[in-house]
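Biologist: I would like to go through this model with you, one question at a time. Can we start with the terms?

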Amino acid sequence: MKLDRRRFLARSALALGAVGAGGAVAATAADAPAEPKGPDALNERVPFDGPHQAGVLTEPRDAVVLASLDAIAADQAILAASLATLSGRARELSQGWRMPVREPDDPPLDSGALGTEIAPDGLTVTIGFGHSLFDDRYGLTAPPKLTRMTAFDGDRLDPGLTHGDVVVLISAHHMDTASHALRELLRPTRDALALRWWIDGFQGADRGPDKRSARRNLFGFRDGTGNPDTSDDALMQKLVWTPGGGTYMAVRLIRMHLEFWDRVGLREQETMIGRRRDTGAPLGGHSEFEDPRLDLDPGGKRIALDAHIRLANPRTAETADQRLLRRAWNYQRGFDRAGQLDQGLIFVAFNQDLQRQFVAVQNRLAGEPMTDYITPVGGGYFYVPRGSRGADDWVGSSLI
């Protein structure tokens with residue numbers, strides 16, 4: 001008997017509240033080359049300071065912690081001091097840190113979860129600011145293209161997993177490093193920044209067949225194959241960086257209805273995506289990074305007109321400047337009250353212009369067949385300013 005998609009989703013939707021019931025929500029989660037493993041990975045250092053923040057162009061690492069914070073600082077001066085402290089602690093942790101020896105009765109300066117020698121582990125901490133920070137509390141002027149994320153068709157946004165004044169994207173080779181970093185960043189800033197929600201994510205293992213091969217998401221398909229080349233500086237200036245060296249970040253927490261998806265035939269799955277599940281090649285092609293040549297298939301006989309890869313990136317001159325840099329991790333949060341797996345995708349997209357890129361792509365994807373199998377439940381829009389210029393500077397100083 002054919003499965004009734006709408007009835008299935010309606011039943012699952014009853015438990016969406018379990019995704020984020022409460023103010024601070026935890027879940028179960030990557031940013032530079034996938035090569036370093038073991039001791040080499042632990043010793044990798046990524047500079048915190050620079051013209052752009054780390055964690056944007058860097059290849060996703062295996063573990064991520066994404067945390068959204070509400071500003072509770074009494075005034076602008078306290079907020080600025082807290083943001084400076086946030087950058088200072090992130091700088092220490094990303095470069096490796098030895099816990100100082102203190103008097104036995106003094107509280108330690110670190111949780112000790114990683115021992116007394118804090119390895120850098122390729123850690124990156126990317127800091128962004130939501131539209132709500134630029135209300136009348138602190139007298140700040142919002143970046144020109146920053147807006148508040150609104151719901152798209154099919155969204156069921158949970159307020160407990162949506163928006164925030166400050167976002168911190170923490171990525172490392174190992175989850176204990178990322179989790180430790182969140183704890184240590186919150187410790188000295190609690191008087192000014194309160195946790196709103198957070199979620200952990202993870203990348204699938206690098207299973208090849210070569211170094212460029214994209215990792216797989218929970219649907220079993222390779223994720224991120226069509227990303228623009230981050231080594232092309234001219235292209236990044238067109239698609240990612242704003243004139244001041246910042247970028248706009250769109251975050252989407254997307255629940256994937258895996259039990260339903262697993263009952264769909266492979267041919268239908270591949271038709272919805274537009275790629276083969278085994279190799280990642282576009283339908284009719286042979287390799288993952290092969291050009292799908294949509295121009296040679298205007299009628300959709302090979303790759304359906306409503307296939308995800310065709311809608312997301314039509315590969316036309318008119319849509320070339322709408323491409324975005326996507327980063328994604330899987331998440332798992334147990335199961336809901338309906339007994340359905342609560343798993344999905346942490347989707348992060350870096351754009352020069354949210355409306356021109358992310359919103360335009362989302363509007364094209366509206367109503368695609370895959371919407372029956374996913375439900376966006378949270379996220380938000382954030383401005384990621386330029387990187388800090390040294391130990392005397394901090395992320396956000398250009399805004400305050």
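Modeller: Contact here means heavy atoms within 4.5 Å. This is a predicted model, in which local features need pLDDT of at least 70 and side-chain atom pairs count only at pLDDT 80 or more, while totals for chains, interfaces and linings use all residues. Residues are numbered from 1 along each chain as its sequence is written, and side-chain values use heavy atoms, with hydrogens and water left out.

Biologist: Leaving aside neighbours within four places in sequence, which residues is Gln322 in contact with?

Modeller: Gln322 sits in the loop between H8 and S8; helices (H or I, at least four residues) and strands (E, at least two) are DSSP runs, numbered from the N terminus. Its relative accessible area is 16%, so Gln322 is buried (under 20%; exposed is over 50%, partly exposed in between, with a 1.4 Å probe and protein chains only). Beyond its neighbours within four places in sequence, the contacts of Gln322 are Arg356, Gln357, Ala360, Val361 and Arg364.

Biologist: Which elements do the buried residues of H9 pack against?

Modeller: Helix H9 spans residues 355–365, and its buried residues are Gln357, Phe358, Val359, Ala360, Val361, Gln362 and Leu365. After H9 comes Gly367, with a positive phi near 85°. The buried residues of H9 pack against helix H5 (233–239), strand S7 (247–256), helix H8 (308–312), strand S9 (341–351) and strand S10 (374–384).

Biologist: How far apart in sequence are the parts that Arg356 and Asp321 tie together?

Modeller: The two side chains meet in a salt bridge, 3.7 Å from N to O (a side-chain nitrogen of Lys or Arg within 4 Å of a carboxyl oxygen of Asp or Glu). Both partners are partly exposed, Arg356 at 23% relative accessibility and Asp321 at 37%. Arg356 belongs to helix H9 and Asp321 to the loop between H8 and strand S8 (325–335), so the parts tied together are separated in sequence by 35 residues.

Biologist: How far apart in sequence are the parts that Arg215 and Asp62 tie together?

Modeller: Arg215 and Asp62 form a salt bridge with an N to O distance of 3.2 Å. Arg215 is in the loop between strand S6 (193–202) and H5, and Asp62 in the loop between helix H2 (38–42) and strand S1 (63–71), so the pair joins parts whose separation in sequence is 153 residues.

Biologist: How many salt bridges does the rule count?

Modeller: One network of salt bridges links Arg89, Glu92, Asp110, Glu184 and Arg187. By the rule, the number of salt bridges is 24.

Biologist: What is the volume of the largest cavity?

Modeller: A cavity is a set of points, on a 1 Å grid over the protein atoms alone, where a 1.4 Å probe fits but cannot get out; lining residues have an atom within 4 Å of a point. The lining consists of Gly130, His131, Ser132, Thr147, Arg148, Met149, His163, Gly164 and Tyr381, and it divides into 2 nonpolar, 6 polar and 1 charged. The volume of the largest cavity is about 50 Å³.

Biologist: How far apart in space are Gly245 and Val395, C-alpha to C-alpha?

Modeller: Gly245 lies in the loop between H5 and S7 and is buried at 9% relative accessibility. Leaving aside neighbours within four places in sequence, Gly245 contacts Pro51, His52, Pro385 and Arg386. Gly245 and Val395 are 150 residues apart in sequence, and their C-alpha to C-alpha distance is 12 Å.

Notes. 1 Å grid on protein atoms, 1.4 Å probe; cavity = no way out; pocket = protein on both sides within 12 Å on 5 of 7 lines; lining within 4 Å. Points joined across faces, edges and corners; volume = space filled by probe spheres on them. Nonpolar A, V, L, I, M, F, W, Y, C, P; charged D, E, K, R; others polar.
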